[in-house]
Amino acid sequence: WTSTSTQVSLPVGESVALNVRERFSNGSSVEVTDTAAYASLDVSVATVDAAGVVTAVGPGVTTVEVTLDGFLALVQVGVTATGLVQTSPVQGEGDVATTRETILRFSSPLEVASITSDAIYAEFAGERLPMNLHVGRNADVVTLFYTDGLPASSRVRVTVDGGLLQAAGGAGIDGDGDGLPG
């Protein structure tokens, strides 16, 4: 028998269902996901339930053991911290209107209560710009709407504080791109 995935990569807070099939010498197979047993070797990284659903808990790597009828299969699970994956406008982009908002896209949903003007803010010439934060429907997009427009011909710095902003479920986010919270 085999598990269809021997490696899984997930951001914190996401889940994936394993699919386990028993293969016979005649080439046929049958799904046995519901009858297999599962165990995570490090539940601080990922958990697995009785149905084979793996949930990413914290950054790191662990192994999920899948057992059936005395046989063992191993699934390596890599978990990354939620991080910033896209900004608009991008750094150095020209011809940006002074009324332009800033859009931040994250790799997985954020804890809405942690999205504050201390966790995400914009500055020009060392001063914070007045703005409103709008959280997208899935909590993985945050838009900064500037109340006074942006200063003309200027460079605005947007800060995402990985120590304050949290992923859904309360885990820290990767604010500096190293794959770890903070």
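Modeller: Before we start, contact means heavy atoms within 4.5 Å. This is a predicted model, where local features need pLDDT of at least 70, side-chain atom pairs count only at pLDDT 80 or more, and totals for chains, interfaces and linings use all residues. Residues are numbered from 1 along each chain as its sequence is written, and side-chain values use heavy atoms, with hydrogens and water left out.

Biologist: What does Leu165 contact?

Modeller: Beyond four places in sequence, its contacts include Phe106, Leu110, Ile115, Val160 and Ile173.

Biologist: Which residues have the most contacts inside the largest nonpolar core?

Modeller: Val66 and Leu165, in a core of 39 residues. Such a core is a set of buried Ala, Val, Leu, Ile, Met, Phe, Trp, Tyr and Cys residues joined through side-chain atoms within 4.5 Å.

Biologist: Which element gives the largest share of this core?

Modeller: β10, with four residues. Strands are DSSP runs of E, at least two residues, numbered from the N terminus.

Biologist: New topic. Is Ala171 buried or exposed?

Modeller: Buried, because its relative accessible area is 17%; buried means under 20%, exposed over 50%, partly exposed in between, with a 1.4 Å probe and protein chains only.

Biologist: And where is Ala171 found?

Modeller: In the segment after β17 (157-160). Setting aside neighbours within four places in sequence, Ala171 is in contact with Val12, Val57 and Gln166.

Biologist: What about Asp174, which side chain of opposite charge is nearest?

Modeller: Arg157, 14 Å away. Asp174 is buried yet has no salt bridge, meaning a side-chain nitrogen of Lys or Arg within 4 Å of a carboxyl oxygen of Asp or Glu. For charge, Lys and Arg count as positive and Asp and Glu as negative, while His and the chain ends are not counted.
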